[in-house]
Amino acid sequence: MSNYVFLAIAIIAEVIATSALKASQSFTQVLPSILVIVGYGVAFYCLSLTLRTIPVGIAYAIWSGAGIVLVSLIGFAFYGQKLDVWAIVGIGLIIAGVMVINLLSKSAAH
């Protein structure tokens, strides 16, 4: 499987785990707590697989940047968390940074 597929799986698993972390209510709710543990396990395992060929700094920048954007959107959509203009600007800059890394950097493994 492509290392970027493993990275995408890691991002999705981390976003699910982080979203479930809020729903777990400090690990007092069983199903969301299980999602947190399994999600982070899958995320870190798949992230470790990407590090075979993608430099750690690049993989982590993509993983964390995409995770921040997706979790922010889930927080807005499902938890009613508001994003002000500066939050949206910051998210835009994160997206721009991930795009620069993937499209222009010679450090990223393609």
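Predicted model: local features only at pLDDT ≥ 70, side-chain atom pairs only at ≥ 80, totals over all residues.
A residue counts as buried when its relative accessible area is under 20%, as exposed when it is over 50%, and as partly exposed in between, using a 1.4 Å probe and protein chains only.

View 1. Residues are numbered from 1 along each chain as its sequence is written, and side-chain values use heavy atoms, with hydrogens and water left out. Of the 110 residues of the protein chain, 31% count as buried, and the C-alpha trace spans about 45 × 35 × 15 Å along its principal axes.

**View 2. The elements of the chain.** The protein chain has 4 helices and 0 strands, where helices (H or I, at least four residues) and strands (E, at least two) are DSSP runs numbered from the N terminus.

**View 3. Helices H3 and H4 where they cross.** The axes of H3 (residues 56-79) and H4 (residues 85-103) come within 10 Å and cross at roughly 150°, the axes being lines fitted to C-alpha atoms over the stretch in contact, with angles from 0 to 180 degrees between N-to-C directions. That makes H3 roughly antiparallel to H4, a term for angles over 145 degrees, while those under 35 count as roughly parallel, 65 to 115 as roughly perpendicular and the rest as oblique.

**View 4. The residues between H3 and H4.** The contact (heavy atoms within 4.5 Å) is made by residues including Ile58, Ala61 and Gly65 of H3 and Ile91, Val98 and Asn102 of H4.
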